[in-house]
Amino acid sequence: MHRMLLAALLAAGTLASPTLAADLRIGLQDDPDVLDPDQSRTFVGRIVYTSLCNKLVDITPELKIIPQLATGWSWSDDGKVLTMDLREGVVFHDGTPFDAEAVKANIERSKTLPESRRKSEVKSIESVAVTGPYQVQMNLSAPDATLLAQLADRSGMMISPTAAEAAGADFGAKPICSGPYKFVERVAQDRIVLERFAEYWNADAYHFDKVIFLPIPDTTVRLANLRSGDLDMLERLAATDAAGVKSDADLQYAQAIGLGYQGITANVGNGDRSKNPFGEDARLRRAFSLAIDREALNQVVFEGVFAPGNQPFPPNSPWYDTEVPIPARDLEKAKALMKEAGHETFDIEVQVANNPVQTQVMQVVQAMVAEAGFNVKLKSMEFAALLAAQSAGTYQASQVGWSGRIDPDGNLHQFVTCKGGINDSKYCNPEVDKLLDEARKSSNDEDRKARYDAARKVLNEDMPIIYLYHPTWIWALDKKVEGFVPYPDGMIRLAGVKFSS
Amino acid sequence: MSAVTDTAGPASDGYRSRSRAWRKLKTSHSALAGFAIVAFFVVIALLAPMLPIDDPTATSWSAVRKAPSLEHLMGTDEIGRDVFSRMIWGARASLIAGVISVIMAVSLGVPLGLVAGYFGGWIDQIISRITDAMLAMPFLILAIALAAFLGPSLTNAMIAIGLSAMPIFIRLTRGQVLSVKTEDYVEGARAVGVTDFAIILRYILPNVFAPVLVQATLTIATAIILEAALSFLGLGQQPPAPSWGSMLNVAKNFLTQAPWMAWWPGAAIFLVVLGFNLLGDGLRDALDPREI
Amino acid sequence: MLSYIIRRLAIAVPTLVLVSIFVFTLQKLLPGDPALVMAGEERDPASIEFIREKYHLNEPVITQYVYWMKAVLQGDMGVSLRTSQPVLDLIGDKLPVTIQLAIMALIIAFVVGVPAGILSAVKKGTVIDYAANIVALSGLSVPNFWLGIMLILLVSVNLGWLPASGYESFFVDPLRSLETMIMPAFVLGTSLAATLMRHTRSAMLGVMKADYVRTARAKGVREHAVVIKHAFRNALLPVVTLSALLFGELLGGAVLTEQIFTIPGFGKLIVDAVFTRDYAVVQGVVLCAAVGVILINLVADVLYFLVNPRMRSSL
């Protein structure tokens, strides 16, 4: 026993010292789900993919689409054919070369794998034609302005077709992509280890031998680990810890306003529970919105680090409609609107996920709207139960959010169009449908913006969703980490990131 | 959950032993200390509406997470509520949860245990197997699953705790019944035609009473911790109403910025649980005829 | 003896079946559709439908149970709905972690609880005895999740002495392993130490009144020799038996401890699975825990039987 212990100690010692300097340890808020880009569904999984897998295209911090595995692309005049030229000399982690056939196989897998959760994202692609060893043509059933943005995310992630073929739906157990780091091991709820892929096409830009992701859900514990040196960086620092990190000379702070939002979805047409004044009379919803002081909410709960909001896009987004600014709190107007709707006071039940931050938000909202005459009853539910109630329509109003998408369509279309997949409000207005459908088909940004703005005016009157704020991604890093660039999609891109010497 | 108490002793014989037990209880320092602690919290909880304290749900944006001061003796919480008044109101939730859930466990468990022990046979088999099955699942897991099924609320947490604690009382009662039912005086009563119901009421139940009381007192202690644990996981008392467990649940997000939010509820749970444990210990010593 | 063990094992079978039925129904009653949770934020209808089909969620509960039971009898516990990992692998990964935690907690409890119990018994009625009792009762009364977060705050955050979370296998890096586990093990061991102390004390008191101890004393054996050689040796057996029983409880107590210290063990596995409605995992883990509890109880009873000859007639 003693000898074994000694041997283990020695082994640990000799192994640890030389590699330690170049291992990056990243604290994550959650444990990712299955590591198959076609099957996975969590935000946190995408953080791992960013180092593990390459996508056809990527984005800049300003959300412009830029080349990654596709070096260039062009649209046909009718907007129904997307031709992409591919990067040459790229190999997957198993040595399989990346080429046009691989892209075709990947898109087809996203479309046909029974377990695929990407089907709706690549629905518009009818077929993929290999037009050269390094060129593909995607033929669409209808123009789709959102497609490139989808290809900048999980739908555009390229996995080794050889490995995918062999593993089938079990690919996630040992994912093989073409990213700067390759998969080594995963211990559920404990760690995911990646190591440097020497044959990566841009290997010089990556400086760590290993990248280790450690899911640590508790924000205090995550930060304590960073302070003690057990982590080199962490994502989703609690907003209330921001000041502490900023004033800590041993740490660095980075933030980017996210693409998502949090809000209150009113049930306006989903089953019998929508048959109540709050669901039927938009004036009550507008009054509710006017009674909220979004700036104060942000200050109290998030110490001003998040961004107050009243639209699906944050105010710093190019898609934000500046003609509908964040309303200042106006209790008089709120009361007047309620009176118009025939209510002095109004009892309303809002469901909220039973995590401390969301309940804190709703308690603040509850206290604010009480002054206008809304008696809010909070119904705390586990997230799983909340989702089920939302989908079944057994709720009056629900505090819920969306992690956000690069393309504006992703934050809006499916929530407010009559047949939208996640339109739990069951709001339905043909005018909005028409505008958003047109915006989806147009490839001209100005044209699209005009339509989103027009839809905003209508939605702001009908108000099926009362937007509250936009979470800010916050990273805390050890001071020795340099070169990190925050992105609004919350991803950790490691190109150029290294330890200062 | 601690193991079933080992108070199973021979039958106590009527009033004499009971008054002896009472005298013994009165001289037991630990029992008195426990009683004092419990009484203190009970009084506070009862008087909560009458005390000159802030509204426990009144928020103040200008006093978010303020450290303890003269104005707020225990500081303020994440949305500017007075922690002191939330502590006092929280005592209600914790005590009610502890007591009601144990009452529930006792009133379900004791009859089932009586029936199983007294009648034996297939009905005993069924009840015992169900008891075994419930005891084979980790107590907390069972309570978490039950609470998740019922939906997060204080009432549901109490039901979950009560159901999870029930098998302990079934097993305890059944054991007591088995040890008593072969006693001569029970056999004698049966021989002269006293009905089962009367036998249970007159001879069996009094013998079950003492160990159940001791176990119940100790289980209240566990139930209070369990309510706090469920609230800590978000499955108990729901905001804005306070309970010590849910206060801790929120407090853990502000450990570094506002540690006082975590001090008080934890300390209070500790104290009240200590009180019930002391009381339970004292009761056991007083009611247990075996001297240690 | 053997027939007793066989009888006990035979009784365990219906108990386990009941456990499985119980967990299964309870889960089916839980609000929230696993397919909705698993389909992801987009909740693509095709994915939802696929998940329902694949895991037989559309079929009657009884049919689902039969599917599951059939597979279990063939040694297949299914795969996690969330991560697609086989449930058996997950259990195999997590169980050693929790067992290590439990063993460390048990060691701490032994090192603290047993000597304290002896001391308390020997010094019965003195200040030492009172103090030991109060400390033990406090150990039983402190909510261990609170103790956990307070220790994290003090030891990890303020003093920076120990990591606040994490896990390393003892066989990979023993030092790191002890470093990450010592605090959770202490938290988990607190109430255990208290229980052990109280039982050691009463066992010691019982033994010290026994004839052979009196005889030893009468023969003029020195007091501490009496305590150690005669009394303690005999008091130890019931205490050991008790710890076998407590080991089962420890596995349950690990649930919150693991949650707080982010230890990837059995308890964290099951709590996360309940909250994400990962049915297959909850099912498998609870069944496995129940088997463990039943076996441990059996071992404890057999031990008790072996050290306690008086019990033999009652079996």
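Predicted model: local features only at pLDDT ≥ 70, side-chain atom pairs only at ≥ 80, totals over all residues.
In chain A, four strands form an open, antiparallel sheet in the order β4-β5-β7-β6. Its edge strands are β4 (70–75) and β6 (125–132) of chain A, each of which pairs on one side only. From one strand to the next, the twist averages 20 degrees. Within this sheet, strand β5 (residues 81–86) of chain A pairs with strand β7 (residues 135–140) of chain A over five bridges, in the antiparallel sense. M84(A) has V136(A) in β7(A) as its bridge partner. Helix α3 (residues 100–112) of chain A packs on the sheet and touches β5, β6 and β7 of chain A. The direction of this helix makes about 170 degrees with that of β6(A).

Chain A also meets both of the other chains considered here. Its contact with chain B takes 20 residues from chain A and 20 residues from chain B. On the side of chain A, the elements that give two or more residues are α6 (219–227), α10 (294–302), α12 (356–370) and β16 (374–381) of chain A. Of these, α12(A) supplies the largest share, six residues. By class, the side of chain A that touches chain B comprises nine nonpolar residues, 10 polar and one charged.

Towards chain C, 36 residues of chain A are in contact with 42 residues of chain C. Elements giving two or more residues to the side of chain C include α5 (87–122), α7 (144–158) and α8 (174–208) of chain C. That side of chain C divides into 19 nonpolar, 12 polar and 11 charged residues.

Helix α8(C) takes part in a helix pair within its own chain as well. The axes of helix α6 (residues 127–141) of chain C and α8(C) come within 7 Å and cross at roughly 140 degrees; α6(C) is therefore oblique to α8(C). The crossing is left-handed. Residues of α6(C) in this contact include A132(C), A136(C) and L140(C), and among those they meet in α8(C) are T190(C), A194(C) and R198(C). The contact of α6(C) with α8(C) has seven nonpolar, four polar and one charged residues.

The crossing of α3(B) and α6(B) is right-handed. Their contact has 26 nonpolar, six polar and three charged residues.

Definitions and conventions. Residues numbered from 1 in each chain as written. Chains lettered and ligands numbered in written order. Left-handed = near helix turned anticlockwise from the far one by under 90°. Nonpolar A, V, L, I, M, F, W, Y, C, P; charged D, E, K, R; others polar. Contact = placed C-beta atoms within 7 Å. Axes fitted to C-alpha atoms, helices over the stretch in contact; angles between N-to-C directions. Parallel < 35°, antiparallel > 145°, perpendicular 65-115°, else oblique. Pairing = 2+ DSSP bridges.
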